[in-house]
Amino acid sequence: MFIMKSKLKIGVIGSGIQGISNALFLQKKGFDVTIFDREEPGSPVASYGNAGHFSPYASLSLNRTDVLADVPAMLLSSTGPLALKWNYVPKMIPWFIKFILNTSKNKMMHTARNMHQILDLALPAYDELFNEINLEDLVENKGILYIWNDKDLKSRELEIQVREELGVKQQLVNKSEIHDLEPNIKPFYHAGVYYPYARHTKNPKKILLKFFELFLKKGGKFNKLNVQDINFVDERPILITEKQKYTFDKVVIACGAFSKKLTDNLGEKIPLDTERGYHVHFKNCDHLLQRPVIFSNRGFGITPMEQGLRVVGTVEFGGLNNSLSKSRIKNLINNAKYMLGDLPEHEDEWLGFRPTLPDFLPVMGPSKNYKNIFYCFGHHHLGWTLGPISGKIVSGMIANQNTNLNLEPYSSIRFN
Ligand SMILES: Cc1cc2nc3c(=O)[nH]c(=O)nc-3n(C[C@H](O)[C@H](O)[C@H](O)COP(=O)(O)OP(=O)(O)OC[C@H]3O[C@@H](n4cnc5c(N)ncnc54)[C@H](O)[C@@H]3O)c2cc1C
């Protein structure tokens, strides 16, 4: 008699871009998938409010000595990219120490090479998912432009040189080329770099919801529940929620910056923290820019979106519980006006949490202590770009498939 083997049951915690991408690639590999999230998909978490860049070129991260040397000046400047919530500084000292240790040339290049390995595969992995939804005109192929003035030119030279070494395609642009690309930007800039093959979305939330609909259509289940803890019976994980317990064959933790509570409970000391970032919208102004433009010196960018111009970025260290800083919102508004001149009253003040490890590599792979738990979090400034490729990699690990990639650098074991 033929007995049909039942599909393995996988629970995915988190419905941000990482959770949903994992769920979709797990379905492609034949698993029975249930997503858990304490919020509805598309709620205002990082995957909703980001700058919408698909940035396959962005291999060089912030763990660099030039960035470290600039920290005091950045903190003192009211127009600068960095801020602190002082009440959180003592809690973050161990993270800062690990970060400093990761800024050597060797460590910087280790991060850059291993980010490049996955970034290079990011757009094709998105296309695999885009092929299954009606994208309408939510994705634009107009490239992404970075501009800078003549301060910190050493940092710009380093970035250009590292990308060159890695084989990242980049087009250096002068003042007049920048003007041709974006004539509405005030001419404060000195030079820039343009990535014509980069893309942006006009609405990350709509893409997430389209992915989520696809997941449900393929038989996926969703529980709007907070996962409080994970227990085990015979190595099978049991998700503990405020209502009920759910048993799975395997579980993926994809809770972004909130993943640490669960990994701490599983007995692993993974130094995940958050780089807080902000956005505001200027409605009906999206015609002012053709594509996302990032002002490198000030660590923020502006993306033309359905909501208007989304002015987005900067980094604030302050943990998950501190409230939104009005001074950071003001910083974005002033910087946007510096770039574009007069703008109407802003709307939609938003604070989001980038999940960041001190070596600026994500954590992807099985947990150290429990073979049926997999991690997929910590994608810092690039989690939107890296959603589908990370889902493809982690689902491949769960299905015991060979990816032909060196996945060791992403393992949580590097912190033990
Ligand atoms: C200002 C800003 C701009 C950015 N711009 C870009 C960009 O242009 N390009 C790019 O590539 N990246 C960008 N990023 C980074 C990117 O947005 C994030 O790295 C990415 O969205 C993280 O996705 P995630 O799915 O890991 O986490 P999240 O989007 O935070 O989702 C985690 C989910 O887990 C749920 N959750 C948490 N804990 C639990 C629990 N215990 N039980 C149930 N559910 C739980 C949360 O409710 C949430 O829905 C930006 C980030 C910020 C803040």
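## The shell around the ligand

In this predicted model, five elements each contribute at least two residues to the shell around the ligand: α1 (17–28), α2 (46–49), β15 (273–282), β18 (308–317) and β19 (347–356). The ligand is surrounded by 42 residues, of which Gly16, Ala51, Gly256, Gly277 and Gly383 are the closest.

By residue class, the shell comprises 22 polar, 16 nonpolar and 4 charged residues. Two domains take part in the shell, with at least three residues drawn from each: domain 1 (9–46 + 206–270 + 360–415) and domain 2 (64–109 + 136–199 + 272–356).

## The nonpolar core

The largest nonpolar core holds 98 residues, and the members that touch the most others are Ile13, Val252, Ile253 and Val311. Helix α1 provides the largest share of this core, namely 6 residues. Domain 1 and domain 2 each supply at least three residues to the core.

Ile253 illustrates the packing. Apart from its neighbours within four places in sequence, Ile253 is in contact with Ile13, Ser259, Leu262, Thr263, Ile373, Tyr375 and Phe377.

## The chain as a whole

The secondary structure consists of 12 helices and 21 strands. The chain has a radius of gyration of 21 Å, close to the 22 Å given by the globule rule for 416 residues, and is therefore as compact as a globular protein of that length. The C-alpha trace spans about 75 × 45 × 40 Å along its principal axes.

Of the 416 residues, 49% are buried. Among contacts between residues at least 6 apart in sequence, 75% join residues at least 24 apart.

Definitions and conventions. Residues numbered from 1 in each chain as written. Predicted model: local features only at pLDDT ≥ 70, side-chain atom pairs only at ≥ 80, totals over all residues. Near = placed C-beta within 6 Å. Helix = DSSP H or I, 4+ residues; strand = E, 2+ residues; numbered from the N terminus. Nonpolar A, V, L, I, M, F, W, Y, C, P; charged D, E, K, R; others polar. Domains from an automatic or database assignment. Rg over C-alpha atoms; globule rule 2.2 N^0.38 Å. Buried ≥ 20, exposed ≤ 12 C-beta atoms within 10 Å, placed from the backbone. Contact = placed C-beta atoms within 7 Å. Core = buried A, V, L, I, M, F, W, Y, C linked by C-beta atoms within 7 Å.
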